[in-house]
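Here's a quick tour of the structure, with sequence and coordinates side by side. Have a look first, and then we'll go through it piece by piece.

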Amino acid sequence: MKEYRGLAASAGIAVGPALLYLPDETHSAPSATPSGPLDPERETCRLEEALAEADRQLANVYERARGEVGEEAAAVFLAHQEFLADPDLLDEVKRRIAIEHVAAEQAVELAFEQFAQQLETLEDDYYRERALDLRDVSRRVRRILAGVQGQQMLVELSEPVIVVARDLTPSDTAQMNKKMVLGFCTATGGLTSHTAIIARIVGIPAVVGIGEHVLEVTSGQSLIVDGHKGLVMAGVDEGTAQRYRRQHDAEIEALACEKAAAQQRTVTADGHRVEVVANIADAQSAELALEFGAEGVGLFRTEYLFLNRQSLPSEEEQYREYRAVADVLGDRPLIIRTLDIGGDKQLPYLDMGQEMNPFLGWRAIRLCLDSPELFEPQLRALLRASVDRNVQIMFPMIATLEEVRRARQVLDKVKDELAQEGIPFDAQTQVGIMIEVPSAALMADVLAPEVDFFSIGTNDLIQYSMACDRVNEKVAYLYDPLHPAILRLIKGVIDAAHVHGKWVGMCGEMGGDLEAIPLLLGLGLDEFSMNSPSIPAAKRLIASLTLPQARAIAKEALAKPTADEVRVHLSGLDLPRS
Ligand code: PEP
Ligand code: MG
């Protein structure tokens, strides 16, 4: 038996065959491709699709570059498009697929390189530049091919598998047929990496940050994932597998009882009302949230609707999706966050340019305020979905008061347009902001009068306050929600909002952390938004505490100078935490 240890990212047990998913290395890892020997016809088909997609991408890049650097400098992308239609070059790629029986990726690499080398022999700067361009186009097409093939494999999953990957991108998980995914194991990633968050939202056991050696697992090999302990086992004997299967079955049964018990309103032992709500990504996860006892949704991450496709979703399509979720929720609160892309979430059809520091760059509200063609249709769709439903709109990554005002101005403009067009919407739709940038936390008293509510996004607030990348394991020691600096920021935000009569939620992972919940309750948090599987235990814990008890816990925690001392204080409390 071989054991792999990593971070316990999502609880639960999975027993089943591995699927090694390495989309960027598909031709060097044939065992990852379940579809057998190469079929030239299929490869040619993939090639055609990838060429068409590259052409679409380049047309977008050209348009954007033309606006930014002028027609002359942007013309290079027209030249790139011409390569995609060059008959000699394409004949050579197809010849290699047909005669040499190589994968489309390899045929592109070899044929483009052959033509690039021919150009280089011409000893003219112009042609040498063209050789560089050819290699650039080759890389673009191969990247698309890798995505097309790799993601297709995830879409078409028809047997239950444990997905083993270096890491999974948001568009990988959006594409994936999650009903067939028993578990996740990734070589990289921390507890708040995208894979970890999605795994917890949908309740799939996951171990992340295992290290590259986990990629030695082969597709079909039988695995056990213990998401409680952060342990993955390969080559186990039948006795051990049986034991884990029994544990899995018992957990599933216990879960059914837990869901049934979690349907009551959340009040503390002394009758103080707070809300326990869910983080979701689509209508399917909204249904799951209600099963787990969610009293509403505190964060609907809309970006998943924009990933996993080749063009922007239209206003109508967005309206249908938001309305479908609103209908699942009925009159329960549904907080929908406007588009939060950029950082680690890139849209393949939108060229956002290369950035040195994407997490500090042109993302979320910054990008939306600069892109009315993205922002306005989304706001129209959200407002339309609000009719007779409790839809609330939330802006992400707010750093300044001006951003709040600008976002609200766009919202008002969109409301005026809808009114003029006679399209119904709820004019009283509540508007809130995420507090996830330290400047916003420190200015909470100034921001509070301008909004209806705050929701604290600790995932980003911690990374920006502690200056540590949330997905970099090497600095994970700094990424601590219980650090006194974070607790002080949270207290300041809650106090400032309450002075102005506004309520405060938390939709970062800390909001569902059983260790932190008593402390957050004591600080006065009004709404706890979390991944659905965490809801039953969170409700039980809150119901076991009185408000004065929680306040005393918070007071003592705030007096501690280090995260470790806060943790010792909290873990020493005798509370129901499972
Ligand atoms: C957060 O930053 O806490 C948050 C909820 O947003 P996301 O994890 O989507 O960045
Ligand atoms: Mg965030």
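## A buried threonine, and the ground rules

Let's begin with T429: at 6% relative accessibility it counts as buried, where buried means under 20% relative accessible area, exposed over 50%, and partly exposed in between (1.4 Å probe, protein chains only). T429 sits in the loop between α14 (401-420) and β13; helices (H or I, at least four residues) and strands (E, at least two) are DSSP runs, numbered from the N terminus. From there, the T429 side chain reaches the backbone oxygen of D426 at 2.6 Å. That's a polar contact, meaning a pair of N or O atoms within 3.5 Å; within protein, one must be able to donate a hydrogen and the other to accept it, and residues adjacent in sequence count only if both atoms are side-chain atoms.

A word on conventions: this is a predicted model, in which local features need pLDDT of at least 70 and side-chain atom pairs count only at pLDDT 80 or more, while totals for chains, interfaces and linings use all residues. Residues are numbered from 1 along each chain as its sequence is written, chains are lettered from A and ligands numbered from 1 in the order in which they are written, and side-chain values use heavy atoms, with hydrogens and water left out.

## The magnesium ion

Which residues coordinate the magnesium ion (ligand 2)? E436 (OE) and D460 (OD) do, at 2.0 to 2.1 Å. The pair links distant parts of the chain, 24 residues apart: E436 is in the loop between β13 (431-435) and α15 (438-442), and D460 belongs to helix α17 (residues 458-465). Both E436 and D460 are buried.

Donors here are N, O and S atoms within 2.8 Å of the metal (3.2 Å for Na, K and Ca), and water is not among the atoms, so sites may look incomplete.

## The barrel

A closed barrel of eight strands runs β9-β10-β11-β12-β13-β14-β15-β16, with parallel pairing; two strands pair if DSSP finds at least two bridges between them. Neighbouring strands of this sheet are turned by 25° against each other on average, direction ignored. Axes are lines fitted to C-alpha atoms, for helices over the stretch in contact, and angles run from 0 to 180 degrees between N-to-C directions.

## The open sheet

Another eight strands form an open sheet, ordered β1-β8-β7-β3-β4-β5-β6-β2, and its pairing is mixed. At the edges stand β1 (2-5) and β2 (7-10), each with a single partner strand, so one side of each has no neighbour in the sheet. On average, neighbouring strands of this sheet are turned by 30° against each other, direction ignored.

Both senses of pairing turn up. Strand β4 (residues 161-165) runs parallel to strand β5 (residues 181-186), with five bridges, and V161 faces V181 in β5. By contrast, β1 and β8 are antiparallel, joined by four bridges, with A234 of β8 as the bridge partner of K2. Strand β7 (residues 222-226) is also joined to β8 by four bridges, in antiparallel fashion, and D226 has L231 as its bridge partner in β8. Their hairpin has four residues between the strands, and G230 takes a positive phi near 70° there. In a regular strand the side chains alternate between the two faces of the sheet. In strand β8 (residues 231-234), L231 and M233 point one way and V232 and A234 the other, and all are buried.

## Helix α3

Does α3 show a buried or an exposed face? Its buried residues are L89, L90, E92, V93, R96 and I97. Seen down the helix axis, they fall within an arc of 160°, so they line one face of α3; the arc is that of the directions from the helix axis to the C-beta atoms. On the other side, P87, D88, D91 and I99 are exposed.At the start of α3, a side-chain oxygen of D86 comes to within 2.9 Å of the backbone nitrogen of D88. After the helix comes H101, whose phi is positive, near 55°.

## Two loop residues with positive phi

D388 isn't a glycine, yet its phi is positive, about 55°. D388 lies in the loop between α13 (372-385) and β12 (391-395) and, at 69% relative accessibility, counts as exposed.

A467, also not a glycine, has a positive phi of about 55°. A467 is in the loop between α17 and α18 (484-499), and is exposed, with a relative accessible area of 68%.
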